[in-house]
Amino acid sequence: AGAPERPSGGTGGWSRRGQLSALWKVTVWLTFGLVGRSIVVGRLPEVGRENRLQLQGDLRDATVRLELLLDARRSRLEMLAGLMRGRSLDDAPAVIERALDGAQLFQATYLVSQRGQVQAAALAPGLAERSTEMVGGDLSANPLFREVQARGGVVWSGKYLSALTGTVTVG
């Protein structure tokens with residue numbers, strides 16, 4: 001009747017076999033943890049480099065596609081400008097709409113005088129009712145109009161908020 005006996009040797013209840021087993025388990029887990037950590041830490045910079053190279057390649061591809069798209073649209077605008085030469089202003093909206101053939105390449109296409117006055121406008125189907133509002137408008141202070149005046153030909157703007165659609169647009 002009393003307290004149970006403790007094993008001798010002062011090990012606090014652990015046999016040598018239990019101690020070795022626990023030591024072996026801790027050693028194995030520490031080894032796996034250190035080796036795993038060193039693999040991950042050693043591989044992270046390489047994975048970062050690979051990701052960066054992949055992203056750069058993707059950006060180059062996207063840039064090429066965007067340039068092709070803009071070149072196709074520029075060619076369409078140049079062709080449209082050629083069609084408009086010598087035409088009456090009354091025919092302009094119909095000519096613009098036929099030339100763009102419902103392709104919805106542009107939300108708005110304007111024929112603008114040298115002074116910046118909108119002479120004719122053709123808008124995307126959802127905006128068509130506003131085309132009469134646009135005719136007679138003054139674009140002379142518009143930075144894109146000024147750039148066209150300075151450089152001539154087709155000029156692309158950076159992104160801006162469209163007054164017609166309220167969305168980010170390239171002009």
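Two strands pair if DSSP finds at least two bridges between them. Keep that rule in mind for this tour of a predicted model.

**Stop 1: the hairpin**

Select residues 108–112, which are strand E1, and residues 118–123, which are strand E2. The two strands pair in the antiparallel sense, over 5 bridges. Now pick Ala 108. Which residue is the bridge partner of Ala 108 in E2? The partner is Leu 123.

Follow the chain around the turn. E1 and E2 form a hairpin, with 5 residues between them. Click on Gly 116 in that turn: its phi is positive, about 95 degrees.

**Stop 2: Ser 113**

Stay in the loop between E1 and E2 and select Ser 113. Is Ser 113 buried or exposed? Its relative accessible area is 13%. Buried means under 20%, so Ser 113 counts as buried. Show what surrounds this residue. Leaving aside neighbours within four places in sequence, Ser 113 is in contact with Gln 119 and Phe 145.

**Stop 3: Gln 107**

Next, select Gln 107, in the loop between helix H2 (92–100) and E1. Gln 107 has a relative accessibility of 43%. That value lies between the 20% and 50% cut-offs, so Gln 107 counts as partly exposed.

Gln 107 touches Ala 122, Leu 123, Ala 124, Leu 127 and Thr 165. Then draw a line from Gln 107 to Ala 128, C-alpha to C-alpha: they are 9.5 Å apart in space and 21 residues apart in sequence.

**Stop 4: both ends of helix H4**

Select residues 143–151 to see helix H4. Zoom in on its start. A side-chain oxygen of Asn 142 comes within 2.7 Å of the backbone nitrogen of Leu 144. Now go to the other end. Gly 152 follows H4, and its phi is positive, near 75 degrees.

**Stop 5: the largest pocket**

Finish at the largest pocket, with a volume of about 1,700 Å³. Which residues lie nearest its centre? Select Leu 77, Ala 108, Tyr 110, Leu 144 and Gly 171. The whole lining has 45 residues.

Colour the lining by element. Helix H1 (16–84), E1, H4, strand E3 (159–161) and strand E4 (168–170) each supply at least two residues. H1 gives the most, with 9 residues.

Last, colour the lining by residue type. You will find 26 nonpolar residues, 15 polar and 4 charged.

Note on methods. Residues numbered from 1 in each chain as written. Predicted model: local features only at pLDDT ≥ 70, side-chain atom pairs only at ≥ 80, totals over all residues. Heavy atoms only, no water. Helix = DSSP H or I, 4+ residues; strand = E, 2+ residues; numbered from the N terminus. Polar contact = N/O pair within 3.5 Å; in protein donor to acceptor, adjacent residues only side chain to side chain. 1 Å grid on protein atoms, 1.4 Å probe; cavity = no way out; pocket = protein on both sides within 12 Å on 5 of 7 lines; lining within 4 Å. Points joined across faces, edges and corners; volume = space filled by probe spheres on them. Nonpolar A, V, L, I, M, F, W, Y, C, P; charged D, E, K, R; others polar. Buried < 20%, exposed > 50% of the residue type's maximum accessible area, 1.4 Å probe, protein only. Contact = heavy atoms within 4.5 Å.
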